[in-house]
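Subject: Structure handover and notes

Dear colleague,

I am handing over the structure below, together with my notes on it. Please read the two side by side.

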Amino acid sequence: MKKILILVFTEIFLSSFGQKKMNSVEYKNSPEVFTIKGLSQSTSIDCGTTTMILLSGQVPLDAAGNLAGHDIETQTRQVFKNIENILKEYGATGKDIVKLGIFMTDISKTPDFRKIRDLYINLQNPPVSSLVEVSRLFRDDVLIEVEATAVIKNK
């Protein structure tokens with residue numbers, strides 16, 4: 001009987017204080033962002049009290065697949081509009097971004113990128129980021145691609 005009581009109390013303790021199991025992974029696309037067949041724009045992972053949202057690299061194409069501008073500021077603005085539209089599908093915004101991965105063809109344009117980026121992120125707690133200069137992206141006229149990770153509290 002003592003062993004049974006110990007087992008019951010152990011199970012109650014573990015279920016009361018143990019980490020909540022992670023739920024399913026969910027994939028979403030925004031109708032306001034250009035979609036490439038066979039690729040997901042984002043995925044979310046339920047982590048118990050929060051949800052982590054991972055976005056694929058966003059490029060400066062509008063919903064119709066047209067390039068937005070030929071300068072880093074215009075292209076960055078479109079990239080962050082795309083990011084915002086995808087995050088909106090989860091009830092999130094750019095203020096929820098915790099990590100950015102930035103790929104640029106000309107790293108000297110970083111100040112122009114940051115000027116636009118700063119309109120979309122939480123400036124009190126800016127996201128951690130990695131900036132990589134690349135020789136080219138998937139098209140010669142694309143100057144920037146940005147990956148984002150956001151975290152939101154579950155309701």
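Predicted model: local features only at pLDDT ≥ 70, side-chain atom pairs only at ≥ 80, totals over all residues.

Residues are numbered from 1 along each chain as its sequence is written, and side-chain values use heavy atoms, with hydrogens and water left out.

The protein chain has three helices and six strands, where helices (H or I, at least four residues) and strands (E, at least two) are DSSP runs numbered from the N terminus. Read from the N terminus, the elements follow the order α-β-β-β-α-β-α-β-β. Of the 155 residues, 35% count as buried, a term that stands for under 20% relative accessible area, with exposed meaning over 50% and partly exposed in between (1.4 Å probe, protein chains only). Among contacts (heavy atoms within 4.5 Å) between residues at least 6 apart in sequence, 72% join residues at least 24 apart.

The six strands make up an open sheet of mixed pairing, in the order 1-2-3-6-4-5, two strands being taken as paired if DSSP finds at least two bridges between them. Strand 1 (25-28) and strand 5 (128-133) are the edge strands, each pairing on one side only. Strand 4 and strand 5 pair in the parallel sense over six bridges; within this pairing, Leu100 has Ser129 of strand 5 as its bridge partner, and Phe103 stands opposite Val132 in strand 5. Strand 4 and strand 6, by contrast, run antiparallel and are joined by seven bridges, with Gly101 opposite Glu147 of strand 6. The chain passes from strand 4 through helix 3 to strand 5 in a right-handed β-α-β crossover, which is to say that, with the strands pointing away from the viewer, the path from the first strand over the helix to the second runs clockwise.

Helix 2 (residues 72-88) has 17 residues and spans 24 Å from its first C-alpha to its last, close to the 24 Å expected at 1.5 Å a residue, the expected span being 1.5 Å times one less than the number of residues. At the N-terminal end, Asp71 caps helix 2, with a side-chain oxygen 3.3 Å from the backbone nitrogen of Glu73.

Ser42 belongs to strand 2 and is buried, with a relative accessible area of 2%. The side chain of Ser42 makes a polar contact with that of Tyr90 at 2.8 Å, a polar contact being a pair of N or O atoms within 3.5 Å, of which, within protein, one must be able to donate a hydrogen and the other to accept it, and residues adjacent in sequence count only if both atoms are side-chain atoms. A polar atom of the Ser42 side chain also lies 2.9 Å from the backbone oxygen of Lys28. Beyond its neighbours within four places in sequence, Ser42 is in contact with residues including Glu26, Tyr27, Leu54, Leu55 and Ile86.

Best wishes
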